[in-house]
Amino acid sequence: MDFKEAAKLGSCLSKDYAEDLFRLLATYESISASEAGSRVNIHIKTTQDFLEDLYGLGILDREEVYEGKRPYFRYRLKVKQLSIEINLEPFSQNEPVTDIRLKLKIREKKNIGARFTTSRSNDYISNVVIWTGEGRNRTERKINLSMPQGKFLFHLPFPTAEPLSITEIMKNAEIDEVNIPEIVDIVNVMIEFGVIEST
Amino acid sequence: MYYPRKLKRDFRITGFIPAIICISIGALIWIFIGQREGVYSVSGFFILYAAFSLWIFIRTRNQSYLAASVWQLFFGLWLTTRFSYPLIPGIKSELLALLFFLFIASTIWLFYLVFTRRAKWKGREVFELASMSIETQSDGFTERPHPAGKTVYSGSELKGFAEFLRKNLVAMPYFEVNQIVFVPVKMEDEFGYIFSPEKFKQNRSWIAFDFIGNVTVNISKKDYIGYKEELSFDQLCENLGKLFIEFMNYYRKGEAERILYKLNELGLGLTY
């Protein structure tokens, strides 16, 4: 199951009426949205959406039946058990960081207007607030930093200082090499927001 | 030795405002009520001001505020004896002579401290020294603090250093759990610090020494625009950090007087 499907199923399961509808689906050989909705006392459209979502996820089977003028669907439970299994491996950005990326010379960009909030102990940055857009569309984006990221930004060269490589800054900030992926990630984000410039 | 000034001149007269108010009220009382009442009111103000100076002395441990307090007290008392109908009737002439002597002695003491710059808040000197030999460079300001390096000292040395800087009005220390933060206070800003130290610290420049030897510097926008020109911001932060590390080294070697010598050598005015 991919993440989107899992999220959809999670959303279905979180509904107040989900347990009652599953009980009906498990009890009945097949059931229509109108029957299920009237039984659980919820709107037919709400029931229809819920059953369609489960059909889309492959949990239900459906059959179109014709009684009089209007065709409608009857739903049948296909499975006896539900399980959510998501592979988180693809989310990891722990791809090998190349030497070129670590040698990238960076420093804070001039006149960015970002606000750096320091920790109580004044030895790392705890968050960065960046403003984007103009006028009414101006929005504030606050990025909370992990401790290694905060230490890294604390040692980032000032706008008028000589740029330093990521490796040099990490050395100054005494950051362990295991934190390289998250450092590279925050550098990318900061470059994207125009807080950091690379040379 | 001549040092070019990098800070803008400060024409504020905050320090004189209490004295101006006090004398103005005394003058009005003199005009509308009478000469004797006018002088007595000024005398009362000076005695109250003596209590205020004593309070500042307790906060800063700076000798000049004790001297000011003593002088204001004796001046206030001396004023009450200036008429043929003194406030305290039947006062002995020996006591009056003693009072006059103490007034003159406290005046000499106070003048000595003022002219030897012991009474001067030395924030301007700190920022002038930090800005020496820095080139101009625009658009360098950032609100981030700057890690200024490491140095070696013990916890007790740091606390002693903090007391020294406070006593000599170089920078006011804020004692925190894992560090001591020093905030240089310029002349005319001192009342802001005295009345509300916590509020004063906000948006000010500071130099922090933690208990494991790290030194961090932050220069506020207010202080940065206090310079005539846009100076290279990273160099300025670095210099300020180095300056305080140098001060700490002097203190550790028992040569703390050199700190005052360096600051006084700039020859800035006594009132700004």
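In which sense do strand β4 of chain A and β8(A) pair, and over how many bridges? I keep in mind that this is a predicted model. I looked up the pair: β4, residues 105–108 of chain A, joins β8(A) in the antiparallel sense, and two bridges hold the pairing.

Entry: I then traced the neighbours and found an open sheet of three strands, ordered β8-β4-β9 in chain A, with antiparallel pairing. The edges belong to β8 (164–165) and β9 (196–198) of chain A; each has a single partner strand, so one side of each lacks a neighbour in the sheet.

**Entry: domains of chain A.** I checked how chain A is divided and got domain 1 at 3–77 and domain 2 at 95–198. Taken over C-alpha atoms, the centres of these two domains of chain A are 49 Å apart.

**Entry: chain B overall.** Next I turned to chain B, where I counted eleven helices and five strands. Its C-alpha atoms fill a box of roughly 65 × 40 × 40 Å along the principal axes. Of the 272 residues of chain B, 37% count as buried. I also looked at sequence separation: among contacts in chain B between residues at least 6 apart, 71% join residues at least 24 apart.

**Entry: the cores.** Which residues have the most contacts inside the largest nonpolar core? I found B:A171, B:F182, B:I207, B:L240 and B:F244, in a core of 46 residues. Elements of chain B giving two or more residues to this core include α5 (123–130), α6 (155–167), β3 (179–183) and α11 (257–265). The most comes from α10(B), with ten residues.

**Entry: where the chains meet.** Last, I listed the contact, which takes 16 residues from chain A and 18 residues from chain B. On the chain B side, β1 (146–150), β4 (206–210), β5 (214–218) and α10 (233–252) each give two or more residues. I sorted that side of chain B by class and got nine polar, five charged and four nonpolar residues.

Terms used:
Residues numbered from 1 in each chain as written. Chains lettered and ligands numbered in written order. Predicted model: local features only at pLDDT ≥ 70, side-chain atom pairs only at ≥ 80, totals over all residues. Domains from an automatic or database assignment. Contact = placed C-beta atoms within 7 Å. Helix = DSSP H or I, 4+ residues; strand = E, 2+ residues; numbered from the N terminus. Nonpolar A, V, L, I, M, F, W, Y, C, P; charged D, E, K, R; others polar. Pairing = 2+ DSSP bridges. Core = buried A, V, L, I, M, F, W, Y, C linked by C-beta atoms within 7 Å. Buried ≥ 20, exposed ≤ 12 C-beta atoms within 10 Å, placed from the backbone.
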